[in-house]
Amino acid sequence: MIKYDRFSLDNGLRVLVHEDRSTPLVAINILYDVGSRDEDPGLTGLAHLFEHLMFGGSVNIPEYDLPLQMVGGENNAFTNNDFTNYYLTIPSANIETGFWLESDRMLELDFSQKNLDTQKNVVIEEFNQRYLNQPYGDAILKLRPMAYKVHPYRWPAIGMDISHIENVGLEQVKEFFFSHYAPNNAILTLAGNVTSDIAFNLTNKWFGPIEKRRVSSRNIPAEPKQNEERILSIEKEVPSDALYKVWHIGPRKSADFYTLDLLTDLLAGGESGILYTELVRDKKLFSEINAYITSDIDPGLIVVQGKLMNGIDIQSAEECVNKVILNLPQRKGINEEIEKVKNKFESSTVFSNTSILNKAVSLAFCELLENPDLINMEVDIYRRVNLEMVNEAIAKYFVPSNCSTLYYKSIRKI
Amino acid sequence: MNSLQRIQPKVFPIEKVNIPEALSVTLNNGIPVHIIESGTEEIMRIEFIFRAGQVSEYLPLLASATNMMLTEGSQNYTSEELNRLLDFYGAFINLSTEKDHAGFVIFFLNKHIEKILELSREILFRPVFPEEELNSLMKKRLSWFNINREKVGNLAIDQFFESLFGKHHPYGYQVEEKDFGGITPAVLEDFHMKYYTPGNMTIIVSGKIHVLTTELLNKYFGDITSKNLYIEDSANILKGEKRKKVHLSKSGSLQSAIRIGSATINKRHPDYTGLKFLDTILGGYFGSRLMKNIREEKGYTYGIGSSVASLYLSGYKVISTEVGRKYRKKTIDEIYKEIYLLQTIPVEKNEMEVVRNYMSGEMVRMFDGPFALAESFKSVWELGLGNEYYYRLAEKIRTIEPDEIIRLAKTYYNIDELYEITVG
């Protein structure tokens with residue numbers, strides 16, 4: 001059970017504090033409610049580029065990292081489709097330095113052309129390293145626009161086309177800051193060696209004076225229902241064929257989110273997952289196979305992806321994947337399998353909560369979903385899933401007209 | 001209306017870390033067990049370590065294949081049953097083979113301790129290495145191997161170890177496609193019999209320690225006996241390749257991987273703690289000179305870093321990055337320039353202070369919680385050291401002076417002795 005106190009400032013900043021005296025450290029997490037789904041289709045990748053710029057110095061602090069390192073702190077950040085998240089851990093005696101740093105970069109960044117130019121370059125190299133210079137690295141760039149035709153999930157957080165990043169100007173960056181970075185668009189969470197009183201006083205002192213800002217209203221086009229099977233086949237110089245299949249599901253808050261989470265855990269959670277057992281271990285069709293749901297806030301996807309053993313025909317392997325999924329409810333011992341993934345979910349929650357940083361990030365995410373108690377309820381919700389619910393979910397989502405398939409084929413090098 | 005002075009709040013010195021000493025006990029048959037009590041949740045982490053790493057193998061892949069086959073079937077359970085039971089009890093198991101050691105770590109909820117230990121004994125001491133599972137594992141691994149050969153970073157680090165430690169030593173040689181055919185159940189059984197023995201084993205336990213831990217470890221591991229086999233030491237010696245610069249081309253690659261470094265001292269050497277400090281300045285944290293210069297100033301890369309690592313028979317230091325192809329030459333020049341600066345110009349007081357404080361904070365993180373504590377314990381234990389290493393490190397962080405940095409940079413970063421591996 002993770003106990004927390006929650007309060008908010010007049011400027012709209014929401015704050016959650018979880019005290020854990022077993023550590024000398026404290027984790028400070030600040031989540032901004034802006035992600036790549038908030039970008040203009042003509043200027044994608046900006047939320048992520050912005051995450052890089054946040055380390056280039058703020059209005060009163062020329063360099064972010066230096067003073068943090070000076071007090072023994074460490075930090076990082078990530079951007080996804082839905083939000084941008086910054087976190088640090090610090091010996092608790094120096095917690096106030098964390099408040100000073102985070103509040104200053106919420107107040108205003110020190111926008112410089114030099115920093116923008118360098119970070120554009122860094123992001124371009126990041127794009128090359130992660131997506132283009134890895135075998136299969138661009139699969140996600142192909143898959144998203146197959147599944148999404150209008151919703152901004154059709155591009156990944158790094159952006160749809162790297163030229164958007166190459167061409168972005170300082171003015172556009174500034175505008176992005178003031179329309180998304182604001183106390184009333186942020187959630188601050190603290191976990192570790194800190195009391196609520198200290199947290200409250202420091203938050204008031206450092207974040208209180210920052211005025212509320214006019215945040216761009218969110219106006220995201222809904223993805224229309226997919227009514228036809230979508231298939232794309234590409235050939236690249238990779239060592240073996242790979243199969244990717246995605247199906248649309250509901251939003252993060254929909255009732256069957258945890259049913260689908262459990263379903264994909266049945267399929268691919270650990271070495272004893274059903275897809276792994278049947279198709280890797282027994283039939284030897286794949287060298288690896290995975291299944292998961294994206295935790296997107298807007299309607300997301302079930303993803304199944306696998307790399308084939310050489311000499312295996314991709315279509316017949318795909319048929320086997322479909323069969324395993326559709327026959328899952330009739331499997332011998334399926335109820336025990338369900339019990340197994342529930343146990344595993346419970347223990348992975350316990351393990352995850354041994355880290356103050358994980359607790360701070362999870363609390364912020366649950367608050368973003370407007371339900372901070374969720375952090376203590378997930379195990380029970382997951383435990384309530386039963387075979388009938390799994391059965392219904394399979395019938396509802398795993399239909400060909402809801403599916404996009406990418407055949408990523410290997411061509412022999414000359 | 002806002003009178004707040006936005007200046008840095010008072011900085012408090014980072015308190016000295018308090019490292020809990022492990023309680024060391026011995027099982028009935030002599031297996032040493034080190035127990036570290038920590039944490040608030042009812043969970044434990046147990047690591048079973050054997051001196052059965054790559055250094056002990058007499059065929060490439062032998063150590064890792066033996067290790068990965070441990071969960072592929074035992075006298076009492078099939079591979080499927082073992083994996084399903086581990087998942088059923090909510091346990092997380094990480095099998096691993098390193099250069100010196102092999103074994104596994106298992107994380108579990110305390111209430112399942114007895115079942116977990118029973119399964120662990122099956123996995124470690126009663127594996128049966130079924131031929132079908134082995135063939136399938138080797139086919140899978142060959143397929144992963146081929147994928148990894150497409151990544152410039154992997155190609156570079158494999159070549160790096162070969163250049164440093166030689167083509168004939170297990171620290172150095174590279175796996176080739178033909179090696180995947182040479183592994184049979186018989187050689188695994190032989191390797192297992194020789195190296196997975198109580199005499200070759202150590203157990204590290206951490207977490208909220210279950211009251212019956214020692215008793216149960218004795219029940220499941222205290223009566224296992226091993227044949228007294230004489231194992232000769234490998235005759236191979238560590239010998240770096242003559243050629244210092246190796247470039248491997250990789251057609252169509254957008255980026256080049258760079259690895260620069262050499263074999264060096266390990267944690268047992270008195271200079272090691274100072275070298276760690278020097279390495280941190282150079283490339284060991286986000287504010288390091290390499291990160292500042294190559295990423296934050298020039299934007300040649302998404303990341304660059306350096307590290308020093310200890311092996312039982314040696315140690316090494318390595319600078320690693322992946323850069324846009326057109327920046328390869330410039331990046332290498334800048335790396336040597338940064339090394340040269342460390343050899344010639346005293347580090348300024350302010351930078352010394354930042355690194356002292358950053359590293360002191362790192363030390364707090366290294367001993368925060370049961371998992372970090374166990375890992376920190378292992379990393380000195382495997383060199384035959386104890387917590388005195390960390391006290392020396394803390395002292396060095398506090399007291400090292402710029403002239404010592406220059407001496408260390410000249411001694412350990414002699415540019416003529418560095419290997420330079422580039423791929424793509």
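I started with chain B: its domain assignment gives domain 1 (23–221) and domain 2 (245–423). Those bounds come from an automatic or database domain assignment.

Housekeeping: this is a predicted model, where local features need pLDDT of at least 70 and side-chain atom pairs count only at pLDDT 80 or more, while totals for chains, interfaces and linings use all residues. Residues are numbered from 1 along each chain as its sequence is written, and chains are lettered from A and ligands numbered from 1 in the order in which they are written.

**Between the domains of chain B**

I looked up the spacing: over C-alpha atoms, the centres of domain 1 and domain 2 of chain B are 29 Å apart. Then I checked contacts (C-beta atoms, placed from the backbone, within 7 Å). I found 24 residues of domain 1 of chain B touching 29 residues of domain 2 of chain B. On the domain 1 side, β2 (32–37), β3 (43–50), α5 (152–165) and β6 (201–207) of chain B each supply at least two residues. α5(B) gives the most to that side, with 10 residues. Helices (H or I, at least four residues) and strands (E, at least two) are DSSP runs, numbered from the N terminus.

**Between the chains**

Next I went to the chain pair, where 56 residues of chain A are in contact with 59 residues of chain B. On the chain A side, α2 (65–70), β5 (84–91), α3 (95–107), α4 (113–132) and α12 (334–352) each put in at least two residues. The largest share of that side, 8 residues, comes from α4(A). I noted its make-up as well: the chain A side divides into 18 nonpolar, 24 polar and 14 charged residues.

How values were computed. Two residues are in contact if their C-beta atoms, placed from the backbone, lie within 7 Å. Ala, Val, Leu, Ile, Met, Phe, Trp, Tyr, Cys and Pro count as nonpolar, Asp, Glu, Lys and Arg as charged, and the others, Gly among them, as polar.
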